[in-house]
Amino acid sequence: MSAGLPADAGPAESASAEEEGASAKEKRTSGKEEGASAKEEGTSGKEEGTSAKEEGTSAKEEGTSAKEEGTSGKEAGTSAKEEGTSAKEKRKSGKEEGTSGKEEGTSAKEAGTSGKEEGTSGKEEGASAKEEGTSGKEAGTSEEAAAGRGTGAEERVPEGSGSTPPTPLRPQPPRPLTPTHLSDSEAPVRGRCHTDCLEAPLNRFFQRLGWAVGSYPWFFLLAPVMTTVFLSVGFVHLPKYKEENMEEQYSPVGSPSKRERAFVQRHFTIDPPNFSAIRKSIEVHYATLLVVSHTASLLKADVFEEIKTVDSAVQALVATTENGTALPYSQVCAKVRGGCMPSNPVLAAWKYQRNLNFADLTFPAFQRNQQAIYLTRTIGGITLGDRRGNNRFILLAKALRLQYFLRTDDPVDKENSKTWLRHFLEQFNDLKKGLILKKTEVVYFTSLSRQLEFKKASVKVIPLFHLTYILIIAFAIISCYRLDCVRNKMWVASFGVISAIIAVVSGFGLMLAIGVPFVLIVANSPFLILGVGVDDMFIMISAWQKTNLMDSIRHRMSRVYSKAAVSITVTTITNVLAFYTGVMTSFKSIQYFSLYTGTTLLFCYIYNITCFGAVLALDGKREVICLHWLKKADSPDKKWSSFKKSCCAPCGSLPDEDGTGTHPVDLFFRDYFGPFLTSTEIKILVVVLYILYLMSSIYGCFRVQEGLDIRNLASDDSYIRPYFDMEEEYFSDYGPVVMAVITKKVDYWNNEVRQKLERCLKDFENSEFVAGNLTEFWLNTYVQYLKGRNKDVNDKDIFISNIPLFFKDFPSYVYDVNISLSNEIISSRAFIQTRDVSTPTKKKNMLLELRSIAQNCKVPLLVFNHAFIYFDQYAVIVENTVRSVIIASAAMFIVSLLLIPHPVCSLWVTFAIASVIVGVTGFMSFWNVNLDSISMMNLLICIGFSFDFSAHICYAFFSSAKPSGNQKIIEALYMLGYPVLQSAISTIIGVCVLYSSDAYIFRTFFKIIFLVMLFGAAHGLIFIPVFLTFF
């Protein structure tokens, strides 16, 4: 993700270059860099006088060497002054008037001047500007023999000894805060509490890998490309027409409701000949219309005439199968007594009796043909009048539901029903326009609408991929653009984006090839991967820019990998672990998203250190050619030479072979932001802001709504939104009818057993979520039936032998009692009507309360409705989220202990992760984002990114050699402030286009990623830096 951590800044320093006769104006003449260069050349530190511990011997030995060779450092300094070039260009030239620069040697910009012998290679004696940023741990400990610039050093792989202090995360060459170097006394003392058991070996491994990439760039470039071509074959398995199973993907795996449904399916008939929706254990195919009157009430003959017209038009629809067979509604409709089930009982009664007096209708049930017909889910927006028994007269009714249930008895019927429903969806809008409805408004929904609308919303986001690519490439070019054509990396950065794209192809291809289902929510993944993938690219380019232009490509690549690859490895491990934690959740959609995204991030990492590294190596050859072209001896055509320089180096100076530049934003963090942040007044303000942030976040956590609202699966302009809006407005008083199933054999003829059952049903009816007078239980009716015939209810033989006669008079109860061949009642069920469960919180509370009542009943019971399959997510979402966050955070803590050599840093990282998670969760509620499977997936992302932002700042602080906390944090911000900011911006750019989507899921993805980046960057750049200064 973000930038790397600085190296330990505490090398041993040599005395001033004035003792050597070097330029008096140069501010960075440090024996540290001479020592580092000598160590990297494979020569003895004592012979060159570069050992940090000899404190001053370096300058003397260098001066003696210069005198013996006849090239006094003082003469070089005098020459530099006479030429007037040393101070202005920061290139310490030891030229004498009339003496060739080749004879005297050219010193690096920040490397200090040294008197070089005409026949002695500057690579063997002088301090290279490449090594101006060599960390103190390389010079101070004199343990690592790095690749030198000498003739022999260019051909051997640099090796680090096991005693070398570990290269920290995202290391960069140290950039001093002041023009002068630290003295030996200021060098930091390495603490005893360090954990570098893995980092040091990794560092050595990546040095060798960098050397290999620099040696064979074409192999490392083409191998990932060929791998991508091979893995792209997996896309043949991408489902094109398969409808996504919403239950399988967005309901908890192994939830109680699925076990309850399995029991119901084993013990009760699934498809009775006489259709009954409440007795179904699965959701059947259906189409439903909500008819809303424009007047105060639709209980009028003229309004019912219009409703009848709509009903007749729907039933007249005829679909066609693929082979041309006609499918009229009468062929696919659910049957009752040989005919299609009525779409609405009130409408059916009015059709049968046109002079029906609407004033006689009662609610919640009315009597027709001596049978109670329940109206709780068929008529809505009602105003009730006087009471008649357990019911009340209906004075006004605003809405009516027309429900068209279809056959699902076998696979052929199920497929035919789907065909008819698709035809209904295609034709209904035109049908409605043709009817010219004046008195009513009609909205519609089908059992296929969730899948079809979710798929449609996901397809709409695909064109946004192109815009994302353009934005990321533009950002990469702007971030990596330089004003000289040698150091300019905009085309390399463009290929870095391409590297992320082919990683997406490889990752997705592999997952499809091995059979991991592709769910539509995975369409979010490429946006995130593009944003994250380019962050690692920025780190590698930054490390490359710190290398010496005149070193060999292999040497430069080795340096880049030793500085950047370990850091990229650590952040990749943390991000991938955060995603793979999602595999342990109860939602398959999150599991599959985590597998796709985590695997693709691994490919992104592999391609960064191979394919993109190879591009860096190839571009390095271009740099050398370009530099030689620019520095070619003056041509006869002075105008052409001037034109070349003005085009390729518009700032007026050629790129320095050895020097390294400082980005203006880095200077802003050092000179302005750091001092501003560490002032006492601003610290107090930051603490107050953090307290307000934390209080707001905790308050928001208690306001978060749980569960995935079904309307959020569709786009904003979908037809299902007005349907659910009207259903919530007019039909929210009553919820689903719930089965209460007696799961074991009991003695129903035993009066004591019947009393226990009665108490259980009373407990249900006393619940605030149950309508007490609408319970339907076959046993109550059967007892009254036997008593009416003067039969002994408590006699087993009489009780069992009269059940068949009872079923003849009450055929609907046949499917509520499971009787074995030996005339034993194995199980049976009652039905209770729920109420006031319109919100996700109420659905969860209702579910938990009904299960609690069933568990406490003295008779073994379970409760079930097919809607519980989705309601279960409300019960487990918090538990899953908390568990996943804890596991992922623990994994981050362990990784930080193993790979960041400072345990105290791990504690601060864990604190930052917890703080960011609380903030993101709390502010979700303020931005109308529910805690559901979608947002839970994004919270897992939050963990990995929070680690990236905070770990580097903390480690840089603890590793700093500065004496005060304020100076330590200013140095840390100077090193890392811009890369952290760059990382946050690039990731936000990668997902920002999703905010323009008209689908809740994709907007939610953007909102949470934006909050993660905002709060993560705020912690890394503001809160954590201030808090660290207090300890």
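Colleague: What makes strand 1 (residues 286-293) and strand 10 partners?

Modeller: Seven is the number to look at: 7 bridges join strand 1 to strand 10. Two strands pair if DSSP finds at least two bridges between them, so they qualify. They run antiparallel, and Tyr286 stands opposite Phe405 in strand 10. By the way, this is a predicted model, where local features need pLDDT of at least 70 and side-chain atom pairs count only at pLDDT 80 or more, while totals for chains, interfaces and linings use all residues. Residues are numbered from 1 along each chain as its sequence is written, and side-chain values use heavy atoms, with hydrogens and water left out.

Colleague: Which other strands pair with strand 10?

Modeller: Strand 6 (residues 362-363) joins strand 10 through 2 bridges, antiparallel, with Phe393 as the bridge partner of Thr362. Strand 9 (residues 379-388) pairs with strand 10 over 7 bridges, also in the antiparallel sense, and Thr383 has Leu396 as its bridge partner there. The hairpin of strand 9 and strand 10 has 2 residues between the strands, and in it Gly389 takes a positive phi near 65 degrees. As for the names, helices (H or I, at least four residues) and strands (E, at least two) are DSSP runs, numbered from the N terminus.

Colleague: Why is strand 10 (residues 391-405) called mostly covered?

Modeller: Because 11 of its 15 residues are buried, where buried means under 20% relative accessible area, exposed over 50%, and partly exposed in between (1.4 Å probe, protein chains only).

Colleague: How do you know that Cys333 and Cys340 form a disulfide?

Modeller: Their sulfur atoms are 1.8 Å apart, and a disulfide is a pair of cysteine sulfur atoms within 2.5 Å, so the pair counts. The torsion about the S-S bond is about -70 degrees, so this one is left-handed.

Colleague: Are those two cysteines buried or partly exposed?

Modeller: One of each: Cys333 counts as buried at 0% relative accessibility, whereas Cys340, with 28%, is partly exposed.

Colleague: What makes Cys760 and Cys857 a disulfide?

Modeller: Their sulfur atoms are 1.6 Å apart, and with 90 degrees about the S-S bond the link is right-handed. Cys760 lies in helix 26 and Cys857 in the loop between helix 30 and strand 16, so the pair ties together parts that are 97 residues apart in sequence. Cys760 is buried at 5%, and so is Cys857 at 11%.

Colleague: How do you know that the buried residues of helix 24 lie on the same side?

Modeller: They are Ile682, Lys683, Val686, Tyr690, Tyr693, Ser697 and Gly700. They cover an arc of only 115 degrees around the axis, which puts them on the same side of helix 24; the arc is that of the directions from the helix axis to the C-beta atoms. On the other side, Thr680, Glu681, Ile684, Met695 and Tyr699 are exposed. In general, an α-helix has 3.6 residues a turn, so residues three or four places apart point the same way.

Colleague: What covers the buried residues of helix 24?

Modeller: The cover includes helix 23, helix 32, helix 34 and helix 35, with contact meaning heavy atoms within 4.5 Å.
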